Amino acid sequence: MREQPRWRRYLRFWGPDVAADVDDELRFHLDMLERDFLAAGLPPAAAREEALARFGDPGKVSRWLRDHDTRELRRHRRTEAMSDLLQDARYGLRRLWRGPGFTLAVVLVLALGIGATTAIFSVLDAALLRPLPYPEPERLVAVHDFGETEVPASFPEYLDWKQATEVFEDLGAYFSTTLPLTGGGEPEMLNVVQMSDNLPRMLGVLPRVGRAFAPGEDARSAERVAMLSEELWRRRFGGDASILGRVITLWDKPYTVIGIIPPGRRSIIPTHLATARKIDAWIPLRLDTEVAPRDLNFLDVIGRLRPGLDFAQAEERIEAFARRLQESGVTDDSIRLGRLERLVIGDARPLLVALAGAAVMVLLIACTNVANLLLARSAVRRREIAVRVALGAARGRILRQLLVETLLLALLGGAAGVLVAKAGVAGLRALGPATVPRLAEATVDARMLGFALALSLLTGLLFGLLPALRASRTDLAEVMKTGAPGAVGGPARDRLRGALIVAEVALSFALLIGAGLLIRSLDRLLAVDKGFDAERVVSAFVLLPSNRYAEAHQQVAFFRELRERVAALPGVQAVAYVSNLPMTGGANGGFGIEGRTYPPNAQPFAEKRIASPGYFETMRTPVIAGRTFNERDGAGAPAVVVVNQTFARRYFPGESALGKRVDFRWGTTGMQEIVGVVGDVREQALHQPAEPVIYIPLAQRTTEWAYFVVRTTGDPMAIVPSLRQVVTSLDRNLPLSEVRTLEDLVAEGLGERRLAMSLFGAFSVLSLVLAALGLYAVISYTVVQRRQEIGIRMALGARAEHVVRSVLRQGLALIAGGAALGALASLWLGRFLSGLVFGIGTTDLTTFAAVALLLTTTALLASMVPALRAAHLDPASVLRSE
Amino acid sequence: MGRDTGDLLQGTLGLLILKALAGEERHGYGIARWIQEVTGDVVQIEEGSLYPALRRLEDRGFVESRWGLSENNRRARYYAVTRAGRQHLHADASTWMRFARAVMRVLETEPSVV
């Protein structure tokens with residue numbers, strides 16, 4: 001047999017043709033058979049017939065072969081492509097291994113970028129993207145009373161809203177509180193949620209054993225029942241199987257245990273979901289309009305929309321419903337629907353937005369940096385590539401080789417980034433403030449790994465393609481002409497690298513602005529006059545059992561006794577009570593002023609606090625006018641109040657508030673005389689300006705619960721054991737809860753800002769370093785490129801400073817461009833930080849000037865090194881080397 | 001054997017093909033002729049069925065093929081047995097022989113049918 005002639009091969013130039021080959025093969029066989037029969041003497045027609053008989057059905061065989069061969073060809077092509085890819089990958093890995101410095105730099109930069117983005121995205125995912133853990137969460141809405149702002153509902157309002165059956169299929173309400181559990185061991189403060197009897201069903205809270213609340217069990221007259229958390233049941237009752245039907249004592253009242261709630265996200269109410277705060281017990285509301293009148297707004301209301309009703313329709317209908325209520329004169333307020341997610345996310349949105357922005361910028365900087373590194377590398381490799389092209393390597397093949405290499409780098413970076421992300425999420429969970437919603441749920445799960453992978457591949461493709469395209473479009477002659485391996489690259493390449501540097505500087509600028517704004521805000525916040533002195537003050541919460549201290553005088557007596565005993569403790573400077581600690585909010589509402597009438601929608605409004613004698617002295621809140629409370633302001637004495645400065649200014653401008661009379665309207669009757677004006681205390685939060693506040697003496701408006709504040713001479717927490725002892729000696733069934741120092745309270749309020757500031761700080765320093773390195777690399781590179789020119793100039797008498805100046809000029813142009821772009825971007829991006837910035841504008845001139853100075857100095861330093869090196873070139877040796 | 005014994009041949013067709021290629025490279029037509037000659041026309045196969053059998057052998061790596069020119073200058077696909085094919089042929093052939101001998105012994109026992 002002979003080889004088939006060479007030209008035949010060109011018939012299959014476009015790859016194998018399966019059908020033609022099969023037909024060729026079978027036809028050959030049939031023709032040969034036919035020839036045999038002809039030779040044996042058969043007439044042509046018979047010969048053909050006989051051949052077919054011998055062969056069988058050629059159509060059938062041909063079909064089978066075509067199918068088979070097509071399948072095989074496809075498989076073959078696949079394996080071939082795979083093996084090419086593997087070869088590229090092997091080659092790429094070898095190259096990366098040989099340049100460990102470059103590889104490490106790229107992987108590190110990518111790991112930081114991808115890691116930071118993935119970590120932050122994991123947090124965002126938990127907070128914003130994962131659906132709420134309730135049945136049909138899209139039909140659940142939060143319902144608010146809306147006067148001037150959104151506020152919780154009052155009980156009568158909740159009852160009104162229940163009539164809106166054209167909107168809600170079901171409406172439930174709850175509020176969270178703390179109640180002491182006594183009997184059988186140490187008294188303990190429990191986190192308790194009181195809810196309408198339908199809410200467990202709405203939220204899908206299902207008992208593991210026992211039952212949920214039955215309809216009607218939230219009525220005032222119903223028997224008291226409770227569901228316990230599995231954790232409490234195991235811890236406190238040893239997992240006793242006969243717990244159902246047992247009676248426990250909450251706040252001195254008997255509750256029959258009817259169910260055990262297993263742990264899980266569903267057992268958490270929406271407002272607690274953010275912080276994953278655990279609940280120990282669920283009890284029915286048991287309210288009526290007498291104990292919970294219309295001016296007491298404390299209920300969180302959740303509605304389940306009627307099936308098929310979308311949010312916009314529901315809003316329309318509820319507005320109409322609210323108008324009808326207003327027309328009937330029940331209330332002036334309207335009703336607002338909110339997405340349940342908003343109830344969960346609360347005030348954390350600005351923080352989340354800021355975090356996302358920062359992470360994206362870090363990723364962008366990492367990518368520009370990597371693109372720059374790749375460009376620099378492809379410049380170095382240009383010769384190698386040119387030679388390969390000259391030796392006949394297809395451009396596509398080289399392009400693929402370069403891309404595979406970049407993708408390998410990106411994947412390595414991504415893998416390292418996952419480690420960074422895991423560490424980052426763990427760090428955020430450990431350090432992050434409790435106010436970041438659902439932070440505890442944040443994990444780097446499979447979806448996040450997918451996200452990181454996609455991010456790496458995208459980065460690799462996007463930022464590897466450009467350098468690869470440029471490198472593969474290499475002209476051998478040009479490369480060989482230019483000689484020295486470093487001295488390559490046309491003006492286009494320089495422009496691209498320059499553009500990348502400008503982008504990096506701009507991004508750095510924006511991040512630094514963010515960090516600067518946040519640092520200055522925190523600074524301003526720390527300098528805010530809180531209105532009290534937090535140093536060495538510890539606070540704790542006491543709740544009196546209502547049946548043993550039912551009468552007002554009993555409560556007053558208890559609080560006075562406790563105060564006297566605590567005051568006698570060594571190390572205690574002063575002690576007092578208040579109904580709510582500063583910076584934590586509290587009761588507020590309308591009040592009356594003697595001799596004035598206001599239209600119903602413009603009632604005077606104030607924060608309301610109950611305070612004991614010595615409160616302002618303990619807190620060191622300055623007295624502006626008049627006096628503070630003393631022991632003589634008792635139940636029988638003339639009713640008095642103290643107001644803050646903002647109150648005095650708003651309601652009695654230009655006159656003295658002292659001697660004026662107001663109606664406190666919170667469990668009080670008649671008028672009270674203003675006897676003192678004190679300095680403004682930040683009652684809501686550190687960043688919220690003071691609202692008008694009325695303080696009423698404890699003895700004239702008694703309360704079953706209060707925070708006491710103790711100013712100590714030494715470490716405030718050291719006093720806590722003896723504090724507990726004093727309380728136990730007075731009543732062994734009284735637990736002390738929420739023990740913390742006021743300094744901790746202040747720090748808690750700053751947690752979000754601190755987190756944002758640290759992240760922006762870390763990210764911006766990182767970006768600054770990356771930008772400086774990028775700039776250094778580019779300037780060094782141009783210096784090498786201009787060696788000859790510089791050498792000639794110096795030989796012709798140019799002085800060193802001229803050389804330095806000419807090199808620096810190039811760096812300065814890039815810096816100035818970047819800074820200008822960055823400043824413009826920051827002016828726009830600043831708005832996303834507005835929720836976190838305090839005391840300054842987001843376009844704060846000082847911050848912008850400081851950042852511009854810092855960035856310019858750093859960048860100049862980075863360019864100075866190569867510039868000086870250029871100035872020290874020896875012209876003789878440069879010219880000789882050419 | 002007639003054409004209706006094709007089923008019986010299915011398993012042994014591969015063996016016959018490998019044996020046909022053991023000596024030299026052949027195209028499908030050549031294989032058919034070799035089998036016809038060697039078996040003295042006793043084994044008659046539907047020659048089209050050679051091709052699927054060849055593809056299966058090729059898939060298993062027992063034969064390989066290439067395009068060449070036939071004696072009368074026509075483009076033809078030639079098959080050759082591979083090293084693995086040769087090993088398979090030996091193993092399969094001895095199994096076949098053992099089986100054939102066993103059948104013979106059975107048939108020769110008294111009362112003999114042969």
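This is a predicted model: local features need pLDDT of at least 70, side-chain atom pairs count only at pLDDT 80 or more; totals for chains, interfaces and linings use all residues.

Student: How does the reach of α4(B) compare with what is expected at 1.5 Å a residue?

Tutor: Helix α4(B) covers residues 83-108 and reaches 37 Å from its first C-alpha to its last, close to the expected 38 Å.

Student: Which parts of chain B touch chain A?

Tutor: The contact takes 19 residues from chain B and 18 residues from chain A. On the side of chain B, the elements that give two or more residues are α2 (28-38), α3 (50-59), β2 (63-69) and β3 (75-81). The largest share, 4 residues, comes from β3(B). By class, this side of chain B divides into 7 nonpolar, 5 polar and 7 charged residues.

Student: Turning to chain A, why is A:Leu26 called buried?

Tutor: The cut-off is 20 or more other C-beta atoms within 10 Å. A:Leu26 has 21 of them within 10 Å, and therefore it is buried. A:Leu26 is found in helix α1 of chain A. Not counting residues up to four places away in sequence, A:Leu26 touches A:Pro58, A:Val61 and A:Ser62.

Student: Why is A:Asp252 called partly exposed?

Tutor: Partly exposed is the class between exposed, at 12 or fewer neighbours, and buried, at 20 or more. A:Asp252 has 17 C-beta neighbours inside 10 Å, so it counts as partly exposed. A:Asp252 lies in the loop between β7 (247-250) and β8 (253-261) of chain A.

Student: What makes the phi of A:Asp252 worth a remark?

Tutor: Most residues other than glycine have a negative phi. The phi of A:Asp252 is near 70 degrees, a positive value in a residue other than glycine. A:Glu738 also has a positive phi, of about 50 degrees, although it is not a glycine. A:Glu738 is placed in strand β23 (residues 737-741) of chain A. With 14 C-beta neighbours inside 10 Å, A:Glu738 counts as partly exposed.

Student: How do you know that the buried residues of α2(A) line one face of the helix?

Tutor: The buried residues in α2(A) are A:Ala51, A:Arg54 and A:Phe55. Seen down the axis of α2(A), its buried residues fall within an arc of 95 degrees, so they line one face. The face turned away from the buried side carries the exposed residues A:Ala45, A:Ala46 and A:Ala53. Among the elements that cover the buried residues of α2(A) are α1 (18-39) and α3 (58-98) of chain A.

Student: What follows just after α2(A)?

Tutor: Just after α2(A), A:Gly56 takes a positive phi of about 95 degrees.

Student: How is the packing of α17(A) and α20(A) described?

Tutor: Two packed helices are described by the angle between their axes and the distance between the axes. Helices α17 (residues 552-567) and α20 (residues 720-730) of chain A pack at an angle of about 145 degrees, with their axes 10 Å apart. Their crossing is right-handed. The contact is made by A:Glu561, A:Leu562, A:Arg565 and A:Val566 of α17(A) and by A:Leu723, A:Val726, A:Val727 and A:Leu730 of α20(A).

Student: What makes two of the residues in the contact of α17(A) with α20(A) charged?

Tutor: Asp, Glu, Lys and Arg count as charged. A:Glu561 and A:Arg565 belong to the contact, and by class the contact has 6 nonpolar, no polar and 2 charged residues.

Methods. Residues are numbered from 1 along each chain as its sequence is written. Chains are lettered from A and ligands numbered from 1 in the order in which they are written. The arc is that of the directions from the helix axis to the C-beta atoms. Two residues are in contact if their C-beta atoms, placed from the backbone, lie within 7 Å. The expected span of a helix is 1.5 Å times one less than its number of residues. Axes are lines fitted to C-alpha atoms, for helices over the stretch in contact, and angles run from 0 to 180 degrees between N-to-C directions. A crossing is left-handed if the near helix is turned anticlockwise from the far one by less than a right angle, and right-handed if clockwise.
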